Amino acid sequence: MIDRENIDRHVDSVAPQVIELSKKIHEHPELRFEEHRAAAWLTETVEKAGVPVERGVGDLPTAFRARLGNGSGPRIAILAEYDALPEIGHACGHNLIAGGALGAFLALVRASKEGRLPGNVDLIGTPAEEGGGGKIRLLGAGVFEGVDAAMMFHPYDRDILAHPALASRWLTIKFHGTPAHAAAAPWDGNSALTACLETFRLVDSQRVHFRDGVRVHGMVTNGGQAVNIIPEHAACEFSVRAPFKAELERVAAIVERCARGAALACGVEVSLSIRQGYREMKNNLAIARRFGAAMAALGRPARETDPRVGSGSTDMGDLSQAVPSIHPYLAICEEGETLCHQHAFAACAASDRGFQTMLTAAKAMARTTLDLLEDQKLLESVKAEFAQA
Ligand SMILES: [Zn+2]
């Protein structure tokens, strides 16, 4: 058995380089599928530690995979995200996700040099979590084949081990009306913008019928061509989210009905296109509780979940439906201080507290990975739970 405190020391010894790399990613935010610098820095660091890297796995230029172990025994994947958001940079703290995964993997590389690793560990670089669904593409390309369990951590305002993530999809709605002079002959036109705005009003009128936890939020992406023209074209986009698939489909159909109703009322044409979002998270509690035990051993006991804080959506949800997975959240600020996608959260993602949490996550993930490799009964209960859920 590999000594757990030794694993912690390995994380501490790689901490300076992991913090520096995480800082660099934070300072150079790159959008989904364009994370070329982040992927290069991460893969170079892994190669320097003596582990070969496959770049561009799954036909995604900014994805990568590094494999530790001789192929026999279980295989555990530790996932790194490193994409940023438009305008607000690393306000989701994916630079810390990258650093946490890297720290865990480098510590396991060092441990493997001291004793035999009873299985295999993959470090997988997964691009484009923010709306690109990188993990779904990697899953489809077979990058997770043979993986027995997968894990990552996500920065948050509190420590929670198995929080839900919502199923999601996007609806793009385009209206096509009749243009006319907005002052001289408005009666000759049919406003596409009016239908667009009515859609929002109708969707709001239907919220009373949504189940708890549903989220519907939208924006107007085209509001007209000129103020003196009755708008010929208008468009909006909605994100629909729900705790489970059937409710997602029901609510998406309501939004579609509202758009068609608005178009009918306004005498304009409407077209809808649907983009599949992410699936809901299927948290594997057997792994989450083991991760929780590691957190407790590191002096940070965590709650399983917290209904007082909301949920987002993640492509880890899709992976969790295919492979037993965890996606624990760990605090990088005070509870309620700020949350993902805010400027203040971006600042926390480059703070001392943020980096300390990243290192704790690295230790807890490395410990949990070893548990899964060494404890056959644990892996059996992980698989049994996955098959049953
Ligand atoms: Zn995120």
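Select H94 and H154 to begin: H94 is buried, and H154 is buried as well, where buried means under 20% relative accessible area with a 1.4 Å probe and protein chains only. The model is predicted, so local features need pLDDT of at least 70 and side-chain atom pairs count only at pLDDT 80 or more, while totals for chains, interfaces and linings use all residues. Residues are numbered from 1 along each chain as its sequence is written, and side-chain values use heavy atoms, with hydrogens and water left out.

Next, select the zinc ion, whose protein donors are C92 (SG), H94 (NE2) and H154 (NE2), at 2.1 to 2.3 Å from the ion. Donors are N, O and S atoms within 2.8 Å of the metal (3.2 Å for Na, K and Ca), and sites may look incomplete because water is not among the atoms. H94 belongs to helix α3 (residues 94–114) and H154 to strand β6 (residues 154–156), so that this pair, 60 residues apart, links distant parts of the chain; helices (H or I, at least four residues) and strands (E, at least two) are DSSP runs, numbered from the N terminus.

Now move to strand β4 (residues 120–125), where six of six residues are buried. N120, D122 and I124 lie on one side, and V121, L123 and G125 on the other.

Strand β2 (residues 64–68) pairs with β4 in the antiparallel sense over five bridges, and V121 is the bridge partner of L68. Strand β3 (residues 75–80) runs parallel to β4, joined by six bridges, with I78 opposite L123.

Technical notes: Buried < 20%, exposed > 50% of the residue type's maximum accessible area, 1.4 Å probe, protein only. Pairing = 2+ DSSP bridges.
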